[in-house]
Amino acid sequence: MRSAYNDNIGGLARDLTVMSDYVRTMMRSAGHSLLDRDLSAAEGVVSSIDSVEDLRATCEARAFELLALEAPVARDLRQVVSGFHIVEDLARMAALAVHVAKTTRRRHPDAVVPEALAPYFREFVRLSDANSGKLHEILATYEPERAMELALDDDAVDDIQHHIMQLTTAREWPHGVTAAVDVVLLSRYFERYNDHAVNIGTRVVYLATGMQPAEYEVSRRTEEQQATMREQFNEIRRRYGEA
């Protein structure tokens, strides 16, 4: 019985990792379609949303089964409950990738992003893919230290989004209203995509430690300070012992 229970708990983690990888592929393809005006890539992302819903249903069914039949407690309960929230974040990330692809499709064969702003969106795509890659590792290991890093990476995304807002609202913006609207919405899609990645990181910190990230950071610093004090005390004791 316990073996089957552990298999189901492990299966939930694997299902979430598979869904995370699928969403990463979607946003990678959406970014490619945007930057390279690839209509077929955009169509592929839009049509893949049904597969996301299938993955979502699989994760939720396993989580409901664990709650109903196994009555998990402590960390296992946190894992199951967090699983519901993580699935929702991943589904929203997939929807944002679809929004990017639909924007490409709507403007094709014209470029959505003015050439002068293309480097910013290449960086959006790079950061989004890097953060998605970290999600795979985090969901596979439930390592809180790695999960905490996502919030720092998200700051770079926020900085780019803020800069784009400044450019598009400047009086000397030369690309017209339509381009401004498209660029602002796209920057928002990438910003929200990475916000959901941070949300997942927060869930993993709670799952692994039972604490929110701010509480965990305080706890970690306290442990480091205590370790430093122990080392200093041991050094003093060695010196007096030698004397």
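Biologist: At what pLDDT do side-chain atom pairs count?
Modeller: Residues are numbered from 1 along each chain as its sequence is written, and side-chain values use heavy atoms, without hydrogens and water. The model is predicted: totals for chains, interfaces and linings use all residues, local features need pLDDT of at least 70, and side-chain atom pairs count only at pLDDT 80 or more.

Biologist: How far does α7 reach from its first C-alpha to its last?
Modeller: α7 has 34 residues. The expected span is 1.5 Å times one less than the number of residues. For α7 that expectation is 50 Å, and the model is close to it, at 50 Å.

Biologist: Are α4 and α7 roughly parallel or antiparallel to each other?
Modeller: Helix α4 covers residues 74-107 and α7 covers 176-209; they pack at about 165 degrees, axes 9 Å apart. Axes are lines fitted to C-alpha atoms over the stretch in contact, and angles run from 0 to 180 degrees between N-to-C directions. Under 35 degrees is roughly parallel, over 145 roughly antiparallel, 65 to 115 roughly perpendicular, the rest oblique. The pair is therefore roughly antiparallel.

Biologist: Is Thr104 buried or exposed?
Modeller: Thr104 is found in helix α4. Leaving aside neighbours within four places in sequence, Thr104 is in contact (heavy atoms within 4.5 Å) with Ser33, Leu34, Ala42 and Val112. Buried means under 20% relative accessible area, exposed over 50%, partly exposed in between, with a 1.4 Å probe and protein chains only. Thr104 has 2% relative accessibility, so Thr104 counts as buried.

Biologist: At what angle do α5 and α7 pack?
Modeller: Helix α5 spans residues 118-141, and its axis lies 10 Å from that of α7. α5 is roughly parallel to α7. The packing angle is about 20 degrees.

Biologist: What is the relative accessible area of Ser128?
Modeller: Ser128 lies in helix α5. Leaving aside neighbours within four places in sequence, Ser128 is in contact with Met27, Phe190, Tyr193 and Asn194. Ser128 is buried, and the value is 0%.

Biologist: How far apart in space are Ser128 and Asp154?
Modeller: The two residues are 26 residues apart in sequence. From C-alpha to C-alpha, Ser128 and Asp154 are separated by 9.0 Å.

Note on methods. Helices (H or I, at least four residues) and strands (E, at least two) are DSSP runs, numbered from the N terminus.
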